[in-house]
Amino acid sequence: MRDHFRVEGHAAEPLPAVWTGRATNRAQWLLAAVGAACLALGIELAVDSAWTSGIAPLLMSVIGCVAAGLLILFGTLAFVHVAVRVDSDAVEVRCGHIGLPRRRIPLDHVVGAEFAPKVTPRQWGGWGYRWRPERGTAVVVRRGEGIVVTLGDGRTFTVTVDDAEAAVRAIRGRLGLAESNKAVGI
């Protein structure tokens, strides 16, 4: 691979072989705690209940608490953080502790990358893996900077990540695109 250099005001730095970045949202740990509490309440109801009020109401309460707890717990833990990796082949986005959901975008499907200085959950309808017909797809784990990758079919993929400008430089360097100071207003 050729060495790519970027010129940014002062000095030129070589493009890393693999760029990695992360973004974390510690506030979602609070939601995970709420999910764990719902789960614990459901288990407590099932184990310590006198069962005198009838089987149907108690069963609905237990199932409701356990289901809500699991949904909240796993739904929030999947989006506590995101890891982005840019190498010579693809842009890979992995969410949560087990890396699911994940998205791998081959660089030959990418036509551009832009820096987005302000991506918020409000713009995308909340935290998590989002799709909006007029905007494209996004992984939003916190408010702040992100990257917007434009695909060959015109769709976009947005992800919040720390040091998003370096990610954009890495993607653009791999694609052989000129540096652009243009920031996308999401």
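Student: In the hairpin of strand 5 and strand 6, which residue takes a positive phi?
Tutor: Gly 96, with phi near 70°. That hairpin has six residues between the strands. Keep in mind that this is a predicted model.

Student: OK, and how many bridges join strand 5 to strand 6?
Tutor: Five, and the two strands run antiparallel. Arg 94 sits opposite Arg 102 of strand 6.

Student: Which side chains of strand 6 are buried?
Tutor: Arg 103 and Ile 105, which point to one face.

Student: Switching topics: what order do the strands of the open sheet come in?
Tutor: It's 7-10-11-9-8, five strands with mixed pairing. Strand 7 and strand 8 are the edges, each pairing on one side only. From one strand to the next, the twist averages 20°.

Student: What packs on that sheet?
Tutor: Helix 4 does, touching strand 7 and strand 10. Its direction makes about 170° with that of strand 7.

Student: And the largest nonpolar core, which residues touch the most other members?
Tutor: Out of 29 residues, they're Trp 19, Val 82, Val 84, Val 139, Ile 147, Val 159 and Ile 171. Helix 4 supplies the largest share of this core, six residues.

Student: What is Val 159 in contact with, leaving aside neighbours within four places in sequence?
Tutor: Val 82, Val 84, Val 93, Val 139, Gly 146 and Ile 147.

Technical notes
Residues numbered from 1 in each chain as written. Predicted model: local features only at pLDDT ≥ 70, side-chain atom pairs only at ≥ 80, totals over all residues. Heavy atoms only, no water. Buried < 20%, exposed > 50% of the residue type's maximum accessible area, 1.4 Å probe, protein only. Helix = DSSP H or I, 4+ residues; strand = E, 2+ residues; numbered from the N terminus. Pairing = 2+ DSSP bridges. Core = buried A, V, L, I, M, F, W, Y, C linked by side-chain atoms within 4.5 Å. Contact = heavy atoms within 4.5 Å. Axes fitted to C-alpha atoms, helices over the stretch in contact; angles between N-to-C directions.
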